[in-house]
Amino acid sequence: MPTRISRALLASAAAGMLAVLTAAPAQATEYSSALKVKGVQYDAPGPDSNRCSGGNTKDEFLTIKNYSRTATVNLKGYVVKDAAGNKFTFSASHKLEPGDYVKLRGGRGTDSDAGNVVYRQNCNFIWNNDKDTIYLIKSNGSRADVHSYTKRANDADGNGYINYHG
């Protein structure tokens, strides 16, 4: 029969484990993927203008990097989306060598493997300027990476850019 002290120790240990399990935020989950979100320019410099001609949606971008040391990863079929469900699907083959990256930009333009850029071909902004969640989904539908941000908590210098995964 457990003593009062052993019951108290068991209860304390259980409470500590529960606190550890509930303290981790959802975006802290580390997904087993070579591709991860390196950073996001969620607030394009200057006043927001989503006009296709003369607007600044091209200045809003998401950088995706291949953190593998050996594997080349094809982005074809990968999906980037936000909390509201706005999304972009990589429909063309775009291979990232180990250590390589691509900037997914808003606006219209010519995709370039050499220039490490893919355009969404859409002049609307995808990321909210105050807070949002970034989802990077593999072509098989599983999550590759997820990050939530708020301007106040994650952008100390206020430049509209947040760095993830170094």
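Modeller: Happy to. Rings of Phe, Tyr and Trp (its six-membered ring) pair if their centres lie within 6.5 Å; planes under 30 degrees apart count as stacked, over 60 as edge-to-face and the rest as tilted. This is a predicted model, where local features need pLDDT of at least 70, side-chain atom pairs count only at pLDDT 80 or more, and totals for chains, interfaces and linings use all residues. Residues are numbered from 1 along each chain as its sequence is written, and side-chain values use heavy atoms, leaving out hydrogens and water.

Biologist: How many aromatic pairs does the count come to?

Modeller: Three, by that rule. One of them is tilted, because the rings of Tyr42 and Tyr149 have centres 4.7 Å apart and planes at 35°.

Biologist: And is Tyr42 buried or exposed?

Modeller: Buried, at 0% relative accessibility (buried is under 20% relative accessible area, exposed over 50%, partly exposed in between, with a 1.4 Å probe and protein chains only). Tyr149 is buried too, at 2%.

Biologist: What about Phe88 and Phe90?

Modeller: Their ring centres are 5.0 Å apart with planes at 85°, so that pair is edge-to-face. Both Phe88 and Phe90 are buried.

Biologist: Switching to cysteines, which ones does a disulfide join?

Modeller: Cys52 and Cys123, with S to S at 2.1 Å; the rule asks for a pair of cysteine sulfur atoms within 2.5 Å. The count comes to one disulfide.

Biologist: Is it right-handed or left-handed?

Modeller: Right-handed, because the torsion about the S-S bond of Cys52 and Cys123 is about 120°.

Biologist: Where do the two cysteines stand on burial?

Modeller: Cys52 is exposed at 51% relative accessibility, whereas Cys123 is buried at 6%.
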